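Here is a briefing on the fold of one chain.

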Amino acid sequence: MNLTIVADENMEAVAETMGELGSVHLLNGRELQRRHLREADVLLVRSVTQVNEALLESTPVRFVGTATSGFDHIDRVYLRQKEIAFSHAPGSNANSVVEYVLGAIALVDDKLEQLFAGGSVGIIGYGNIGRLLASRLSGLGITHKIYDPWLDKKQLCEPASLAEVLACDVITLHADLTHQEPFASFHLLAEAELSSISANSLLINASRGDVIDNRALEKLLGAVHAPTVILDVWEGEPSVSEGLLSKVQ
């Protein structure tokens, strides 16, 4: 087998693990263009590369892989139409994200002590990360509630409405980004939802930036009494609102 593999330059391990399959070319994922794929059989990306018709049309690419659990940057409809195989990595970063969330909670004032004293964590999204976080919270004896309208409530250990989750002491987001109705997650937390969150709460977004309306969030954080917010992701990355950046942790 002698494949030509184009991969994001931050996936150095690909050269070692797949080098025996053919030649591996590492490129900047943000600068990747169609001309770089003129002889490529395989494309391996992260979330910074938009994979769609504009990038792939008239190229010999037959397989696309992303080293991420999410795939909103991949036009899967186009891939199916062109019979281009696709794979992603669900759950690959779950433990790291859960550790990030627990670390963030421990960082903010006495939030962790508050949770141990009977406070509650609201989890939005019950995929690989949401499930693992719920399991860790159960092990710590911390009360938690879960909102994921795409799943039957029987699949949720502590099902709750969005309003109930937003009333928790800590709210943490782990939803996939989707525009699909009836439960689109794009701007799931807009002005009305954000304004319902207590000023004493902690809001963490470690899912996708667009799940929160960042303009509405910036407006909310300009108020005298507003919740503490920690963002691991931003709407419109890599461009980040400097106004919002100055208001979050």
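**Strand pairing and core packing**

Val64 has Phe86 as its bridge partner in β5. Three bridges join β4 to β5, and the two strands run parallel. Strands pair when DSSP finds at least two bridges between them. The model is predicted: local features need pLDDT of at least 70, side-chain atom pairs count only at pLDDT 80 or more, and totals for chains, interfaces and linings use all residues. Residues are numbered from 1 along each chain as its sequence is written, and side-chain values use heavy atoms, with hydrogens and water left out.

**Overall chain**

- The chain has ten helices and ten strands. These are DSSP runs numbered from the N terminus: helices are H or I with at least four residues, strands are E with at least two.
- The C-alpha trace spans about 60 × 35 × 35 Å along its principal axes.
- Of the 249 residues, 41% count as buried. Buried means under 20% relative accessible area, exposed over 50%, and partly exposed in between, with a 1.4 Å probe and protein chains only.
- The chain exposes about 13,000 Å², and carbon and sulfur atoms supply 47% of that area. Accessible areas come from the Shrake-Rupley method with a 1.4 Å probe; for residues, only the protein chains shown count as cover.
- Among contacts with a separation of 6 or more, 50% link residues 24 or more positions apart. Contact means heavy atoms within 4.5 Å.

**The five-stranded sheet**

- The sheet is open, with parallel pairing and the order β2-β1-β3-β4-β5.
- β2 and β5 (85-87) stand at the edges with a single partner strand each, so one side of each has no neighbour in the sheet.
- Neighbouring strands of this sheet are turned by 15° against each other on average, direction ignored. Axes are lines fitted to C-alpha atoms, for helices over the stretch in contact, and angles run from 0 to 180 degrees between N-to-C directions.
- Strand β1 (residues 3-8) is mostly covered, with five of its six residues buried.
- β1 is joined to strand β2 (residues 22-27) by six bridges, and the pair is parallel. Ile5 has Val24 as its bridge partner in β2.
- β1 also pairs in the parallel sense with strand β3 (residues 42-45), over three bridges. In β3, Val42 stands opposite Ile5, and Leu44 stands opposite Ala7.
- Four bridges link β3 to strand β4 (residues 63-66), again in the parallel sense. Gly65 in β4 stands opposite Leu44.

**Crossovers**

- β4, helix α3 (residues 76-81) and β5 make a right-handed β-α-β unit. Right-handed means that, with the strands pointing away from the viewer, the path from the first strand over the helix to the second runs clockwise.

**Nonpolar cores**

- The largest nonpolar core has 26 residues. Such a core is a set of buried Ala, Val, Leu, Ile, Met, Phe, Trp, Tyr and Cys residues joined through side-chain atoms within 4.5 Å.
- Ile124, Leu189, Leu194, Leu203 and Leu217 have the most contacts inside the largest core.
- α7 (162-166), β8 (170-173), α9 (214-221) and β10 (228-231) each supply at least two residues of this core. The largest share, four residues, comes from α9.
- Apart from this core lies another, of 23 residues, among them Val97, Val101, Val121 and Ile123.
- Leaving aside neighbours within four places in sequence, Ile124 is in contact with residues including Tyr147, Leu162, Ile171, His174 and Leu189.
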